[in-house]
Amino acid sequence: MLSEDITGRTRLCGIIGDPVEHSISPVMHNAAFKKLGLDYLYIPFHVTPGNLRRAMEGMRGLNISGLNVTIPHKVEVMQFLDSVDPTAEKIGAVNVVFNSGGLLQGFNTDAEGFLQPLLEKKIDPKGKNVVILGAGGASRAIAFILSERGADITILNRTSGKAIQFIETVSQTTGKIMGTLELNEMNLSTVMPVADILINATSVGMSPDSNDTLVTRDLLRPGMVVVDIVYNPFKTKLLMEAEKAGATTIGGIEMLVWQGALSFEKWTGLKAPLEEMRKAARKALKA
Ligand code: ATR
């Protein structure tokens, strides 16, 4: 939306995070609003942890329609909301807030945003052996949705103590027991031969360290599904190696676009123009 298009009726959405300047959500959402001809505008808000309470009061006070929530606020934001939907509650993190007539409602679209690209490729997690690298916020949403869908999950994390704690919390909420191991070469070579799906939920491979990967090509094979949550670069070293090994690959941009599309639907009640959002995200990443 150009500034001369802003009217007295324009509704405001945005993203709160620290840092936030590299976010491509504004480009993606403004492209979607434009495509559907909606009188909405999406803005990035740099909110430091000490200002989170004030930011959420601001959302009420200014009648902002919707917000995405990113690092480091996804957990802390929950205490400032009027309601949190059951999935977000179980995951323990909110990435979308909808202002419904003054009531702030929290949702999590990261989990479903991860699942949808798999389903698009006709990959059903049920009964699959899944290896997830990392035990941070993204990993938690992914582990939750995949275990709910009947996958058998092993988490490998650099800090093994953190992984154990993580597994206990996720297992408690999903009622499924998951395995956990320290992330090292020996454990990788044990779990990889029986893995159907490998997910990198760490930041390893992210620009400018785009030559890094936690899994070497000899551990990848045809028929395997390899998913990377890193979206910059567009195709990570891990995905390049996986492609060469004949595996099916899904890049981080898919999760990004899908969580955005599902956020858009919460705010507007309309079906998101997914292809338009994907195009805008790709273009922004190339720039
Ligand atoms: P996010 O919310 O995106 O998941 P996060 O909560 O900071 O981000 O989690 C990042 C994950 O990547 C963590 O599991 C982290 O491992 P630790 O728990 O040991 O910190 C993992 N990670 C980051 N850099 C890594 C590296 N170089 N090698 C292995 N794991 C790494």
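Modeller: We shall take the domains, their interface, a sheet and some backbone details in turn.

Modeller: This is a predicted model, in which local features need pLDDT of at least 70 and side-chain atom pairs count only at pLDDT 80 or more, while totals for chains, interfaces and linings use all residues. Residues are numbered from 1 along each chain as its sequence is written, and side-chain values use heavy atoms, with hydrogens and water left out.

Colleague: Which domains does the assignment give?

Modeller: Domain 1 consists of 3-108 + 254-286, and domain 2 covers 111-250. These bounds come from an automatic or database domain assignment. The C-alpha centres of the two domains are 26 Å apart.

Colleague: How many residues are in contact between domain 1 and domain 2?

Modeller: On the side of domain 1 there are 15, and they touch 18 residues of domain 2; contact means heavy atoms within 4.5 Å.

Colleague: And what area is buried there?

Modeller: About 1500 Å² is buried between domain 1 and domain 2, with carbon and sulfur atoms giving 72% of that area. Buried area is the accessible area (1.4 Å probe) that two parts lose on being put together, summed over both. In domain 1, the residues that lose the most area to domain 2 are Lys-90, Ile-91 and Met-255, which together account for 40% of what that side buries.

Colleague: How many salt bridges cross the interface of domain 1 and domain 2?

Modeller: The rule finds 1 there, a salt bridge being a side-chain nitrogen of Lys or Arg within 4 Å of a carboxyl oxygen of Asp or Glu. The side chains of Arg-278 and Glu-120 form a salt bridge at 3.6 Å, N to O.

Colleague: Which helices supply the side of domain 1 that touches domain 2?

Modeller: Helices H3 (86-91), H9 (252-268) and H10 (274-286) each supply at least two residues. H9 gives the largest share, 6 residues. Helices (H or I, at least four residues) and strands (E, at least two) are DSSP runs, numbered from the N terminus.

Colleague: Where do Arg-278 and Glu-120 lie?

Modeller: Arg-278 is in H10 and Glu-120 in H4 (residues 110-120), so their pair ties together parts that are 158 residues apart in sequence. A search of the whole structure finds 10 salt bridges.

Colleague: Changing topic, what is the strand order in the open sheet of 6 strands?

Modeller: The order is E2-E1-E3-E5-E6-E4, and the pairing is mixed. Two strands pair if DSSP finds at least two bridges between them. E2 (40-46) and E4 (83-84) are the edge strands, each with a single partner strand, so one side of each has no neighbour in the sheet.

Colleague: In which sense do E1 and E2 pair, parallel or antiparallel?

Modeller: E1 (residues 11-17) pairs with E2 in the parallel sense over 7 bridges, and Leu-12 stands opposite Leu-41 in E2.

Colleague: Where are the cis peptide bonds at Pro-19 and Pro-233?

Modeller: The bond from Asp-18 to Pro-19 is cis, with omega near 5°, and Pro-19 is in the loop between E1 and H1 (25-35). Asn-232 and Pro-233 are also joined by a cis peptide bond, with omega about 10°; Pro-233 sits in the loop between E11 (225-228) and H8 (237-244).

Colleague: And what is the phi of Asn-63?

Modeller: Asn-63 has a positive phi of about 55°, although it is not a glycine. Asn-63 lies in the loop between H2 (52-61) and E3 (66-69).
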